[in-house]
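Here are my notes on this model, as numbered points. Please read them with the structure open.

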Amino acid sequence: MASNHNCKNILIIGFGKIGKIKANKWLSRGYNVYVKDLKFSNMKLLNNNSDVLDDLSRHYFTIEICTPTNNHLRALKTVIKKYLYSYISIEKPLCNRLEDLEEIVALLKKQPHLCKNIFVSEQYFYSKILKKLLQLESFSFDQARKITINFSKDRLKDNENGRFLDNGLLGYGIEIPHIIAVISYLGISLEKFKKGIFVNNLYIKDPDRHDYSIEILSSVNQSVIGVISNLGSFAVRDGKIERGDARTVRRVTIDDKTIIFDPHPQLERYKSELVTGTNTFQIHDDMMDTYISLLEGNSIPEGCYINNAIEMTKLLMALYSECNKIYL
């Protein structure tokens, strides 16, 4: 059910780390931010930290689904059935079970108008530094020879402190959705990327602690695309396993061009950097802030909309189901 775009109400469903970050962003823009979470007995209005009625006649500009991935479908169906909204935003990945994906596809076939109102909040589609790269006259994917995308972070402490663990996709549900978004943003066919894969390894040191690394290599046209995602107590670098905690890295290298996303090890928060030859560009790149601005302008990137998110989720599931699991 759709409402007008001018209301100033936001509903956050799921108040974990990402839910809190989004809530603060909306609050800073002057919105009324309502929260539903299992740890609260009632709906809360964060502006004055009060309990409020879950008024089904209340209109929301955006409803943010920030629950663990395996609850996305349930939350989505509830929102569609009960609430009034302009947009529904779902955290990445869209889902982690094939049966959930099939149910979402069936839901959209029955109610195709929802395709214009539902999207997956994949922040790298909002990146200003990626946009800057594509604006360079010297950039052309057709001429690229080697592309390496490394999104890594030691998440073991986060896991131990209660951050969501994806038992459906294991390590593929963490940083790989971001990497797929970057690949898509660069104009690389996801179908060609999948067909060109000749290495797809999930290295597992301790499954109980979710101590993983992922390495993917794909040949697309004349380019070799390398994907690395180190998530725990060891790292894969240049095809070799190294001990020591994975460093926090969000880097894209395309031949002689390098992007380092926030958090940049040498720059202030929300600054990203593009180095190309002798030129260096440093840009304020608060992707979540850009996301809200684009949403307010009804200009969400096409890559985020639900039909594109479905295709990206199909690729994500295929990568996991076809991976070579290597136990260390």
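1. Contacts first. Of the protein chain's contacts between residues at least 6 apart in sequence, 66% join residues at least 24 apart. Contact means heavy atoms within 4.5 Å.

2. Basis. This is a predicted model, in which local features need pLDDT of at least 70 and side-chain atom pairs pLDDT 80 or more, while totals for chains, interfaces and linings use all residues. Residues are numbered from 1 along each chain as its sequence is written, and side-chain values use heavy atoms, without hydrogens and water.

3. Overall build. The protein chain has nine helices and 18 strands. These are DSSP runs numbered from the N terminus (helices H or I, at least four residues; strands E, at least two). The radius of gyration is 20 Å, close to the 20 Å of the globule rule for 328 residues, so the chain is as compact as a globular protein of that length. That radius is taken over C-alpha atoms, and the rule is 2.2 Å times the number of residues to the power 0.38.

4. Burial. Buried residues make up 53% of the 328 residues. Buried means under 20% relative accessible area, exposed over 50%, and partly exposed in between (1.4 Å probe, protein chains only).

5. The nine-stranded sheet. It is open and mixed, in the order β17-β16-β15-β14-β8-β11-β10-β9-β18. Strands pair if DSSP finds at least two bridges between them. β17 (279–284) and β18 (324–327) are the edges; each has a single partner strand, so one side of each lacks a neighbour in the sheet. The twist averages 10° from one strand to the next. Angles run from 0 to 180 degrees between N-to-C directions, with axes fitted to C-alpha atoms, for helices over the stretch in contact.

6. Details of that sheet. β9 (197–206) and β10 (211–220) pair antiparallel over eight bridges. N200 stands opposite I216 in β10. Helix α4 (128–135) lies across β14, β15, β16 and β17, at about 145° to β17.

7. The seven-stranded sheet. This open sheet is also mixed and runs β4-β3-β2-β1-β5-β6-β7. β4 (50–52) and β7 (118–121) are its edges. β1 (9–13) and β2 (32–36) pair in the parallel sense over five bridges, and I13 has K36 in β2 as its bridge partner. Helix α2 (72–82) packs on the sheet, at about 175° to β6. Helix α8 (287–296) touches β5, β6 and β7.

8. Beyond four places in sequence, K25 touches Y270, D286, M288, D289 and I292.
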